[in-house]
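Please examine the sequence and the structure shown here. The briefing that follows is arranged by topic.

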Amino acid sequence: MIDKRVRDLAAAVAGIQDGATVLCGGFGAVGEPIALTEALLPLGVKELVIVANNAGTGETGIARLIKEGRVRKVICSYPRTTDPREFEAAYKTGKIELELVPQGTLSERLRAAGAGIGAFYTPTGVGTRLAEGKETRDIDGKSYVLEKPIRGDAALIAAYKGDRWGNLVYRKSARNFNPVMAAAGVLTVAQVSEIVELGALDPEAVVTPGIFVDRVVVVR
Amino acid sequence: MSENTPKPLSRRQMAWRAAQDIPDGGYVNLGIGLPTLCGDYVPKDREIVFHSENGILGMGPAPQKGQEDPDLINAGKQLVTLLPGGSYFHHNDAFLMIRGGHIDLALMGALEVAANGDLANWITNDPHAPPGVGGAMDLAAGAKEVRILLEHTTKEGGPRIRKACSYPLTAKACVKRIYTNLAVIDVTPDGLVVREMVEGLGLAGLQNLTEPTLTLVNDWKKLTAPAV
């Protein structure tokens, strides 16, 4: 029997290690797996590389990990989101490294990891500071920059409903980065508002098929 | 040409003016800040599909009191609504639409625009402020057309339309039209062409506030907007 449900947050994040690259879903705080992210604190891990669209909001989730000194580096598109106080404090004192990636390139680098693509050429960023040091190439008269995948040792994602196979559906704009990160994690853990019986999710409407998900935990 | 005291447009009037050019049936992305206001001023007889980079097509206005949904936000993280016919999708599809040339028009703000359409709108030269790029480079590289809203000059009165941008670029040669508080200017292979100017301003006055050379079209119009 396949049963990806785990009993609590500690079991959900067990095995994630120091120095891990951790993908965190969400756009600002919407769709952010706050409970899973904060479960990394009692696990005791440090030197983490966090990959997310933003670098934490207020004092919860990623912001709390930064405040507690657990994050070595953030890979994101926009650290200056609503109330980025913890990231800004760490950045200004040189306690945290930032790799800035255009938002669509960030998404595509994650997709490439999940899809087994070795690298890809994108027009985004050509001729800018964010393409410096990267290979560029003209293809059919247009310039592109080579970008490489971002694979997560773990992906922490948030969804609305899930089942014991790990099939997931989302709510409105809380979907955002979660599905693409689900496929890009070696270990993918989903926090869901509700677990439903197998077969209860409309198969035509499943957004993340369970093959991408290793653990599911309910967070109400 | 007489040059009295110019009457610059307010920020909302700039948004109104840019909104009048949004084509019927267009798939349109509005940048955060000033361009977001354009959504309030689209002529009533046009059907526009607004795209949001966080996975929405058919985005509607801010919710009525009591109708707010914390899971439904725009790129600026403000609460919004979904119109009938709208859809949700994940981030990779949202940027596939942008990068793949499916977005008809992107309206963005800017720090500077250059005579050749170079755009700078993602980073200042403040070494202490962490930079943020968001979706700006993807939109600038991928939308079918990029139009910019910006105040014609800096707070100190310096030009923001430059021969070459002094800030790091977002993308090269991507801007087609510029809406300022003083003028509507097209970026063409022959340089910057003024289509509209506010009352009280002549080409010489506008040129004084603009670094590259401007050309005025023969059928130029007065730039006006209602009190919005």
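**A strand and its partners**

Two bridges connect β8(A) with strand β9 (residues 168-169) of chain A, and the two run antiparallel; strands pair if DSSP finds at least two bridges between them. Helices (H or I, at least four residues) and strands (E, at least two) are DSSP runs, numbered from the N terminus. This is a predicted model: local features need pLDDT of at least 70, side-chain atom pairs count only at pLDDT 80 or more, and totals for chains, interfaces and linings use all residues. Residues are numbered from 1 along each chain as its sequence is written, while chains are lettered from A and ligands numbered from 1 in the order in which they are written.

**Pairing**
- In the hairpin of β8(A) and β9(A), five residues lie between the strands, and Gly166(A) takes a positive phi near 95 degrees.
- Lys161(A) stands opposite Val169(A) in β9(A) and opposite Glu194(A) in β10(A).
- Nine bridges pair β8(A) with strand β10 (residues 185-195) of chain A in the parallel sense.
- Strand β1 (residues 21-24) of chain A runs parallel to β8(A), joined by three bridges.

- Eight of the eleven residues of β8(A) are buried (20 or more other C-beta atoms within 10 Å of a residue's own, with C-beta atoms placed from the backbone).

**Interface**
- In chain A, 39 residues are in contact with 33 residues of chain B (C-beta atoms, placed from the backbone, within 7 Å).
- α6(A) gives the most to the side of chain A that touches chain B, with five residues.

Technical notes: Two residues are in contact if their C-beta atoms, placed from the backbone, lie within 7 Å. A residue is buried if 20 or more other C-beta atoms lie within 10 Å of its own, exposed if 12 or fewer, and partly exposed in between; C-beta atoms are placed from the backbone.
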